[in-house]
Amino acid sequence: MRLNHSGEMEADDRALVTAFLDSRNEDAFGALYRRHSPILYGLAHRLTGAVDAADVVQETWIRAIGALPSFAWASSLRTWLCSIAVNCCRERWRRQGGHRDHELVMPPPIWPSEYAIDVETALARLAPGYRAVVVLHDIYGFTHAEIASQLGIDAGTSKSQLSRARQALRALLDPRSKEVPNVR
Amino acid sequence: MSADHGHEDDELLASLARLPQERPAPAGLEVDTIGALRARGLLRSREGGWRIRAASVAAALVIFAAGWALGSRAMLPAANSYRYMLLLYAGDANSTAGDASVEEYRNWARRLRDDGRRISGERLDEAPAAVFGAGGAPGPDRLRGYFVFDATNDRDAMEIARQHPHVRRGGIVVLHRIRPT
């Protein structure tokens, strides 16, 4: 997994969590916040976009702090926080409606298709469910089992969605490609 | 994966792996989050709460010194409302709109927030990170910032946009209704 959660980092996290639960004060929370928020915001920004990312991060911390006393360290704190953030993103997609899993690629952007686009732009064009699998697997290094748990799908679906999403990314990144695959 | 896609996939995976995992959270989000945690009884203030109030004031200033990020956090969308985007452009090459008006813009945004509307915004770099396609008027090089807010309909949104201080300062304001996706 590419997420940085070395033994040293986990020891520091345990100390910070203990300090927070003992005091529940702002300083102790601030230390946790500043340590983990950049990755939570980066993840939320990729999954929901700039407009909603800050809301997702705040909601993640509210849920995490509420559940922290029962956190059993079955995973690293960072992995747990990311899972909460992904769940917040999924709820946001559902509330916003209109997201249909059978759509692999979002409607065309305003610029002509003959322009080459970078990988960030191509990622942004994937439908949320497919984008989430690529982001979680190929950027954040989660396993298919972890992704399946986070997205409420099975591991086989995660694998097949990753394959389709990568195929769509390749097509989007190739300015010669006239055909962007879709799923119906 | 088919064999002829192997090399392309290697390049794609390398490109994806190079993308940064982290991104700095907006200025002011920490204070907003502390406030939301305190409101839910999940956090104790340090000493009687005066420090957090002072921090809130300081952070509000930081928000608008660094940009115009105004948290919509902990607010729910109003029923039967739509989201709109307000794009703020410099009026001309010499326009100062937006340069020294953060307090005015903050007050405008606060009035909407106090009215129960979700609103967020950011100041943008003067130079666009990238430009695709044919540019309309005004050009993307004059884009200075944006706000996203709720309004009940186009007329409501236009009234809100019309009252933005950027207009009085000679700037150009472009309103878009956000299409749900």
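Begin by selecting Glu26(A), Phe29(A), Gly30(A), Tyr33(A) and Arg34(A) in helix α2(A), which are in contact (heavy atoms within 4.5 Å) with Leu29(B), Glu30(B), Thr33(B), Ile34(B), Leu37(B) and Arg38(B) of α2(B). Colour these residues by type, and they divide into five nonpolar, two polar and four charged, where Asp, Glu, Lys and Arg count as charged, Ala, Val, Leu, Ile, Met, Phe, Trp, Tyr, Cys and Pro as nonpolar, and the others, Gly among them, as polar.

This is a predicted model, in which local features need pLDDT of at least 70 and side-chain atom pairs count only at pLDDT 80 or more, while totals for chains, interfaces and linings use all residues. Residues are numbered from 1 along each chain as its sequence is written, chains are lettered from A in the order in which they are written, and side-chain values use heavy atoms, with hydrogens and water left out.

**Chain A as a whole**

Now select chain A, whose secondary structure comes to eight helices and zero strands, with helices (H or I, at least four residues) and strands (E, at least two) taken as DSSP runs. Of its 184 residues, 53% count as buried, that is, under 20% relative accessible area with a 1.4 Å probe, protein chains only.

Note on methods. Buried means under 20% relative accessible area, exposed over 50%, partly exposed in between (1.4 Å probe, protein chains only).
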